[in-house]
Amino acid sequence: MESHCSRQFNSTISGLWRRCHREGFDIETEDLIYKGMIQRCIPVKYHYSSSILPRNFPINITKTIRQDEWHALHLRRMTAGFIGMAVSIILFGWIIGVLGCCKQHDLMQYVAGLLFLMGGTCSIISLCTCVAGINFELSRYPRYMYGLPEDISHGYGWSMFCAWVGLGLTLLAGFLCTLAPSLSAPRTMAPKPRQENGTV
């Protein structure tokens with residue numbers, strides 16, 4: 001049973017910036033961390049560094065592994081890049097929206113809504129590339145090195161759930177801000193007094 005279900009498969013938690021061993025999950029891993037032989041968390045690399053491969057690998061498998069490393073690196077970079085764009089666009093839209101509400105300026109509220117929708121679009125792309133990157137990492141060749149055993153599956157934590165909920169709230173805010181100027185009550189303009197016979 002131990003050979004079919006290795007501890008390394010189900011004892012790590014991966015995020016955007018680091019991959020960590022779960023605390024208290026595996027006694028052997030905890031002992032190695034305590035001795036300083038391995039670190040509890042290692043950073044996720046966003047630069048290319050070729051992994052050390054066994055010398056007895058055929059050249060075609062080695063080339064496939066190197067190409068897959070490049071593809072996985074590009075997916076990680078796309079995820080981080082679109083998250084950065086989404087956060088900056090949403091933050092800028094929030095500032096414009098607050099100023100528009102304070103000054104009761106309909107155009108600023110409309111622009112804030114468009115910025116929220118743009119930030120939501122970047123969030124959709126980043127979440128999709130994140131999921132695609134995880135699935136790509138688990139389907140790499142050769143399967144015995146990168147894939148999971150058939151009786152073990154991967155899952156997503158609360159951070160992914162919160163990301164999708166935040167995306168929904170961002171898109172909802174974008175729709176409401178763009179519709180706010182048309183739903184607000186029309187302002188009545190006071191008629192100006194007419195000038196008659198040159199008198200004011």
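Mentor: Lys35 and Asp31 are 4 residues apart in helix H1 (residues 27-35), so about one helical turn separates them. Helices (H or I, at least four residues) and strands (E, at least two) are DSSP runs, numbered from the N terminus. This is a predicted model, in which local features need pLDDT of at least 70 and side-chain atom pairs count only at pLDDT 80 or more, while totals for chains, interfaces and linings use all residues. Residues are numbered from 1 along each chain as its sequence is written, and side-chain values use heavy atoms, with hydrogens and water left out.

Lys35 forms a salt bridge with Asp31, and their closest N and O atoms are 3.3 Å apart. The term requires a side-chain nitrogen of Lys or Arg within 4 Å of a carboxyl oxygen of Asp or Glu. Side chains of opposite charge can pair when their charged atoms come close. The structure holds 1 salt bridge. Lys35 is exposed, at 56% relative accessible area, whereas Asp31 is partly exposed, at 34%. Here buried means under 20% relative accessible area, exposed over 50%, and partly exposed in between (1.4 Å probe, protein chains only).

Turning to the sheet, 3 strands form an open sheet in the order E1-E2-E3, with antiparallel pairing. Its edge strands are E1 (12-14) and E3 (41-43), each of which pairs on one side only. Two strands pair if DSSP finds at least two bridges between them; E3 and strand E2 (residues 18-21) pair over 3 bridges. Cys20 has Cys41 in E3 as its bridge partner.

The largest nonpolar core has 6 residues: Ala86, Ile89, Ile96, Ala112, Leu115 and Cys122. Such a core is a set of buried Ala, Val, Leu, Ile, Met, Phe, Trp, Tyr and Cys residues joined through side-chain atoms within 4.5 Å. Helix H2 (59-103) and helix H3 (106-138) each supply at least two residues of this core.

A search of the whole structure finds 1 aromatic pair. Trp158 and Phe161 form this edge-to-face pair, at 5.4 Å centre to centre and 85° between the planes. Rings of Phe, Tyr and Trp (its six-membered ring) pair if their centres lie within 6.5 Å; planes under 30 degrees apart count as stacked, over 60 as edge-to-face and the rest as tilted. Both residues lie in helix H5 (residues 158-183), 3 residues apart. Trp158 is exposed, at 66% relative accessibility, and Phe161 is partly exposed, at 48%.
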